[in-house]
Amino acid sequence: MVFRYKRERNYDKIVLFTGAVYPNDFFGGKEVDSYNNALNFWNQVFEMSDEEKEQFLKEIDPNGWKELAPSEKLRDIVTEHLSGCEKVLDYGCGEGWAGISLSKSGCKDVTAVDVVENAIKLAAFLGEAYGAGEGFKAECVSTDWIAEEKDASYDGIFCSNVIDVIPEEIANDIIKNIARIATQDAKIIISMNYYSKEESNPEKGIEVKNGNEVYVNGVLRMVSRSDEEWSGILGKHFNVEKIEHFSWPGETKEARRIFVLRKI
Ligand SMILES: C[S@@+](CC[C@H](N)C(=O)[O-])C[C@H]1O[C@@H](n2cnc3c(N)ncnc32)[C@H](O)[C@@H]1O
């Protein structure tokens, strides 16, 4: 818990580096710089030094995995729906809190993937630290990985705060592939940030482009859509069974969204 909160507080202090991690010809070059910036940002967010890891292991509470999740309500909904599944994918896993929680809650086969290396290094470290077991696999993958997974290969899929922090075309491609790789009766949960009608505020480093893309200090941090807008997008591939709301610690309103989905 201490670690997560420390990481979140640091989100806006990160200095970007300029290495390209995405193929330059993706979408004919369109949006590449902005997406690379975002991936560089996430790579820095999930960096944990050897000293921090050492300290973390000294202080570790064996039940601390329960507090990796950004919200108890979100964790409970995820484990309630997905821990009974046979093969679960945590797509865009970050530090792997969901996959680790599912493994610790009894799921025997969990694959947690992300496209940035530091997220996966951290997920593997935390998985081992909390004894997630052999059924928890953390893999750094390319952005093409999901398109190459076999049809109907997961009966549980979780994807949290990924498709609303990346460019629209990439998000649509991921949504389509999540539907394709899910079994017909799969349980699918996609969670999102809150909806906010942000306006540009140069003093705070906030710039809104194309009506709903929120950049903070030049980094795409959110593509803000209402529940209805997301339901329309997700509804092309899924029945939206339920939308639950939750908050992160310190937030006064439950405005973050959990879409509980079934493949059409
Ligand atoms: C806001 S973080 C969310 C992490 C985690 N799911 C959570 O809920 O804490 C967004 C994550 O999406 C990952 N990401 C961005 N583009 C992706 C893609 N095309 N495929 C998979 N993951 C991606 C980033 O690397 C980052 O780890």
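Which residue with a positive phi follows α6? I found Gly131, with phi near 65°.

**Ground rules.** I am working on a predicted model, where local features need pLDDT of at least 70 and side-chain atom pairs count only at pLDDT 80 or more, while totals for chains, interfaces and linings use all residues. Residues are numbered from 1 along each chain as its sequence is written.

**Helix α6.** Helices here are DSSP runs of H or I with at least four residues, strands are runs of E with at least two, and both are numbered from the N terminus. Next I looked up burial, which takes 20 or more other C-beta atoms within 10 Å of a residue's own, with C-beta atoms placed from the backbone. In α6, Ala119, Ile120, Leu122, Ala123, Leu126 and Gly127 are buried. They sit on the same side of α6, because they cover an arc of only 160° around the axis (taken from the directions from the helix axis to the C-beta atoms).

**The sheet.** I then traced an open sheet of 3 strands, ordered β6-β7-β8 with antiparallel pairing; strands pair if DSSP finds at least two bridges between them. β6 (206-209) and β8 (219-223) are the edge strands, each pairing on one side only. Between β7 (residues 213-216) and β8 I noted 4 bridges.

Terms used
Buried ≥ 20, exposed ≤ 12 C-beta atoms within 10 Å, placed from the backbone.
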